[in-house]
Amino acid sequence: MSWQHLRTGKTLQQRLAQFQGHLAELNAPRSGLEPGRIRRVFPRNFVKINHQLFIPLSLNSIRVFNVPRTQRGIRVGIRTTFPSRNAFRNIRLVGVGLNYIEVQGKGRVPSRILFPLSSVESIYRPRKRTLKRKGACIRRR
């Protein structure tokens with residue numbers, strides 16, 4: 001399966017504009033996690049969360065909650081420029097924009113994680129795990 005059908009042709013600002021009013025969690029380089037609601041997305045550089053302005057392209061990631069799950073997408077692993085302890089080694093890529101990628105978050109609460117391309121080091125296909133049973137290797141799908 002090819003990732004090319006996941007292209008959106010949108011910028012990070014345009015995608016965040018679709019999430020206005022949603023609860024979001026920003027992962028910033030030197031300040032940790034900043035939770036809040038997306039109040040306003042400005043056309044060029046800023047997004048207003050609670051009463052602060054942030055520059056989305058300077059963030060490590062933006063997790064947006066209450067977004068319905070999707071079955072489209074492909075399983076990938078993502079290496080980030082910030083320490084993530086292999087949290088994204090097997091995750092579903094659901095969108096590729098002009099300056100961001102979008103993955104479906106894991107867990108009970110449906111969410112999406114938007115990564116600016118500046119915080120992504122590489123994207124790779126995860127290996128299939130093998131199970132050893134009585135001397136034979138069985139590939140898991």
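Reply: A residue is called buried when its relative accessible area is under 20%, exposed when it is over 50%, and partly exposed in between, with a 1.4 Å probe and protein chains only. The model is predicted, so local features need pLDDT of at least 70 and side-chain atom pairs count only at pLDDT 80 or more, while totals for chains, interfaces and linings use all residues. Residues are numbered from 1 along each chain as its sequence is written, and side-chain values use heavy atoms, with hydrogens and water left out.

Me: Why is Phe-115 called buried?

Reply: Phe-115 has a relative accessibility of 0%, and therefore counts as buried. Phe-88 also counts as buried, because its relative accessibility is 12%.

Me: What makes Pro-110 partly exposed?

Reply: The relative accessible area of Pro-110 is 23%, and since partly exposed covers values between the cut-offs for buried and exposed, that is the label it receives. Pro-110 lies in the loop between β8 (100–104) and β9, where helices (H or I, at least four residues) and strands (E, at least two) are DSSP runs numbered from the N terminus.

Me: Which residues does Pro-110 touch, not counting those up to four places away in sequence?

Reply: Taking contact to mean heavy atoms within 4.5 Å, Pro-110 touches Val-64, Phe-65, Asn-66, Val-67 and Arg-69. Pro-110 and Val-64 are 46 residues apart in sequence, and their C-alpha atoms are 8.8 Å apart in space.

Me: Why are the rings of Phe-88 and Phe-115 called an edge-to-face pair?

Reply: Rings of Phe, Tyr and Trp (its six-membered ring) pair if their centres lie within 6.5 Å, and planes under 30 degrees apart count as stacked, over 60 as edge-to-face and the rest as tilted. By this rule the count comes to 1 aromatic pair. The centres of Phe-88 and Phe-115 are 5.0 Å apart and their planes stand at 85°, so the pair is edge-to-face. Because Phe-88 lies in the loop between β6 (74–80) and β7 (91–96) and Phe-115 in strand β9 (residues 111–116), the pair ties together parts that are 27 residues apart in sequence.

Me: How do you know that β6 is largely enclosed by the rest of the structure?

Reply: In β6, 5 of the 7 residues are buried, so the strand is largely enclosed.

Me: What makes β6 and β7 a pair?

Reply: Two strands pair if DSSP finds at least two bridges between them; β6 and β7 run antiparallel and are joined by 3 bridges, with Ile-74 opposite Leu-93 in β7.
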